[in-house]
Each structure stands twice: as C-alpha cells, then as structure tokens.
Amino acid sequence: RAAQTGVIQATPGIHLVQGAEDRMGFLMMLPVYSDPSKSAQQRQDRLRGFVLGVFSVAALIDALQARFPEVLQGRVLEVIDHTDADRLLFRSAAPDLSPMSGWHAPVMMPVAGRQWSLRLRNLDRSSERLSWVAPLVLAFGLLTTALLTLFLRGVLLRERQVRREVESRTAELRRSELESRTIVETAVDAIITIDTQGLILQFNPAAEKLLGFRAEEVLGRNVKVLMPDPIRSEHDSYLQHYLRTREPRVIGVGRETTALHKEGFEVPIHLSLGFAPSPEHPMFVGVLKDMSREREASLALQKARDTAEQASRQKSAFINTVSHELRTPLTVILGYLPLLKNTQQALAPAMVADIADQMSQSGQHLLDLINDVLDFSKIEAGQLRLMPETLDAHMLVEEVLERFRLQAEQKGIVLENQTAQHGLFADPRRVRQILINLVGNAIKFTQSGCVKVLSHRDGKQLVLTVSDTGAGIPGADIYEIFEAFHQVDNSSTRKVGGTGLGLTITRQLVELHGGHIWVDSCPGEGSQFHFSLPLLDEQQQRRNNS
C-alpha cells in the first residue's frame, strides 16, 4: 500500500521481539523513490526501497501518561485497531471488568492508513467524568502525530545527511582520482599498470615517449608485447607464482632490465614493480626509468678507462723504448771517448776516421730521437707553427731519396722517384720530415726489393705515396699505427731502432697542412703510405711566375 499510494502506512499490531512476548507494536513503512516529483504510477517504476520505523503501543501510552498523568488516573484505557478485524493493541492494567461494562463510547482516529479507537472506563463509577475523554483523545492524537512527524523528520534529515555524505565522498573520490591521474600523466618516468592476467590497464605519456607505442595501441593487450625474449616467455609464470605464493622475486625489488621499443630495438630501463591488493581490482604497478644515458655514460666511462689503461701501457712501452734508444748512441759515444783521449797510444788515422763516423751517426741518431720527442710535445701543446712556401714536389722527394741511397744500396734496395713536377704550398722542413719518416720506415722494414715514391693530383691536393716491398702490417694493427705510443711490434722496432713516435708525428704534420694520411698494406707483400698536401693554387702560381 505504501508503494502504491506513495504515503506512509502502518502494519496491524504485531508482537515485538524487543521486550516481553505480549508487548504489542506496529511498523511504519515510508516508500523512497529516485524521483519523488513524478506521479504515483511513474514513481512505482522508480521505487528504490523503504524506510522502516518500529513503534511500541505501550511506549506511546507511557509517554502520554507521563505528560498527562491526571487523564489516566483511576481509569482503564484500551486501544483497538479496527482496520482488518478488531484487535486489541493495548489495555492498561486493571481488575477484571465485565464486558462493555461502564465503557464510554469509543473515539475513532486514523493512524497511518489504519483506523484505531480509544475508549475509557472509570474504576470509580460514582466519579465518572466524561469531560476527560476529549482531552485524552486529543493528547493521544497529538502525541502520535508528533511521533510520526519526528520520525519523518529524522528520516528526511538522515536522507539529507546521507546524500551530503555521498556527494562529499563522491567529490572527494573524483578529486582523488583526478589528482592520481594528473600525477600519473605528468610523471617523468613511465608508469604502466596491469591486471592479474597481465593485461595493460594504464599507459602514461612518459611510457608512450619511452617505448614508442600510443596508449590506445597497447591498452587491453598483454604486457608481454613490451618485453624482449627470453623475458617475454617467462612473464606469465612470474605473475602466477607471485599470486599463488606471494613470494616476491621482482615485486618490491628494483632491477635493471630491458624493454622492447615499438621499432624493435631494446631500451635499457630500471624497473620498479609493486602490487596493489585491492579486493575488487588487484593490479601490478610498474615504474620504468630510462637508463639509456646512464648506460651510455657507463660504456663511455669503461671505454675511457680502457683507453687510459691502454695509453698507460703504450706509454710505458714507449719510455722503455726511448730509454733503450737513447742509451745505445750514448754508449757508442762514451765508449769511444776514452780511446780518443788516450795520449799514450796513438790511433791510426783510418781508425780515428771510423770512430768519428760511428760517433757522428750515434750523435745524429740521438738528435733525431730528441727532435721526435720535442716535436711531439710541441704538436700536443699546439705550439708547432708551419712556415709554408712554394715547393717542387719532385725535387724535394729526390733530395730525401738521395739521403737514404747509400743505406738502401747496402741492403740491396732500389729507390725510385716516380713523382711529377707539381708545385706545393707547404712548410719545406716539415714535408721533408714527413718523407724522411716514411721513406726511412720503408727501408727499415724492407730486406730486399724496392722503395718508390709516386704522386697524383686529387682536386686541389697532391697525393704522395711511399710504397715498399717489406714485411707489411698485420690487419689488427693497421688502424692504430698512427696513434701515440703505439708500436706494431716492440721486438721488431727494437731490432731496427726508433721510438715509435715517427708515424704519430707524421700524421699530425700532414693534418696541420690540411691533408690526411692513410695506409694500405698486405703482410708479407709490403705497404703503401698515402698522404695529401695542398697544391699551389693558380693565383700563387701567377705570382711566382711574375
């Protein structure tokens, strides 16, 4: 009836479980609709439930008697519900009375859709005062109305309070959700959440930037799409093992690993993985930090460390070589000096000449060593300055070859000058030093055959080639022979002499002229060292001709 009428309805009298077994009471039902403004028929479709009130009839009478004690004094009161069938709801304690004996006419009153009646009887017949009936009925009606009003007011207040609380909680939830979403979307590190099946639930913009996928491309897919092998094939077993045993292997422990970029390459990352044990939607939360720069820095640091260690080893080898090379000519010079200083025994002129020649060669060798070290130091310090002038390439090559001709003939090596007459604009002293280093090395490492110098023009530069039929250079060393302190073979270098700085100085001198140097070599067949120098341009040529 409450649902059909839309108004509050009371039940017939019932025995309440609160209190004694004979304690009578009644329930009131108040329908609650999602939209109370609609008509009764429309409201029924929007019925959400009922508010229930439980009332004791005796408690109502006790409240009435407490407020109006004189009304019920010396009287018996009965409350009867006549709606379905006459049913006694309440009778005040009194001696046995004969039926209908001395009762006043009952007064009818509506109570929440039902018809109740009140009737009184005076215990003292001689003092019946019928004037009390109307006030009694009025007081009971007012009390019942007040109780119903308070009940309804309490229901409405509670409903408003619940609505305010719901609205407050909803706003708080929305605010919290917005804050969480803002934090995730603006985080510098990639954040990815997955469910217990490994399906991706959230993929923030930092994850898009790191791995190249758009969020809509991966949401709902298994997170294995972001993993390279062999991690991909083992991932599901990791999740199920944790959900079954709660044994953390990766959960709660950060570690370095790799993720798979959309383009197919691996991205080094630091992965921090956590588990959110929500009863409804448990999920795993992964934070991925890009470790590319750290990895590059680590590799660069390792490379620098390796380079420094290699340079240290090469430097030690260079110092050993230089100390040996310096000691050898000094030993020759110091060894012959006592013979020359001995005035007691005169040496034959031929022997003196031979000693002088050997001391001269040793002194020249010592000077060359010192010059190499000094030149290298100047170049490294940026203090070497070129003094370019016009040169004839053919004549300069011929001059250098003439210097080595006797040494070559003693080894049975033929020297050939196959250069054309080209004009160069370069420092003659430094070009001569370049040729001396390259031709000298070629003769050192060639036991027989020939050493020749060739040339060809390449744009505004002249390319000179020093070719030999010597031992050649192993492929593993061919890219390092121009590095400082590097020697292809310490034993062979020691055997033929030299500091190992010659090719380093040669490369630096060529580059100071704006050219470059490279080598072609085949072990056992010989080597060809090529270097380029600037040609004399047409304007300089005209000035020279004039």
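The stops below go from the whole chain to single residues.

This is a predicted model, in which local features need pLDDT of at least 70, side-chain atom pairs count only at pLDDT 80 or more, and totals for chains, interfaces and linings use all residues. Residues are numbered from 1 along each chain as its sequence is written, and side-chain values use heavy atoms, with hydrogens and water left out.

Start with the whole protein chain. It holds 15 helices and 20 strands, which are DSSP runs (helices H or I, at least four residues; strands E, at least two) numbered from the N terminus. Of its 546 residues, 37% are buried; buried means under 20% relative accessible area, exposed over 50%, and partly exposed in between (1.4 Å probe, protein chains only).

Next, select residues 502-512, helix H14. Nine of the eleven residues here are buried, among them Leu-503, Ile-505 and Arg-507. Then select Gly-514, which follows H14 and has a positive phi, near 90 degrees.

Now select His-261. Which strands lie on either side of its loop? They are E11 (255-260) and E12 (266-276). His-261 counts as buried because its relative accessibility is 13%. Leaving aside neighbours within four places in sequence, His-261 is in contact (heavy atoms within 4.5 Å) with Leu-210, Leu-211, Gly-212, Phe-213 and Val-267.

Last, select Glu-296 in helix H9 (residues 292-341). Glu-296 has a relative accessible area of 54%, so this residue is exposed.
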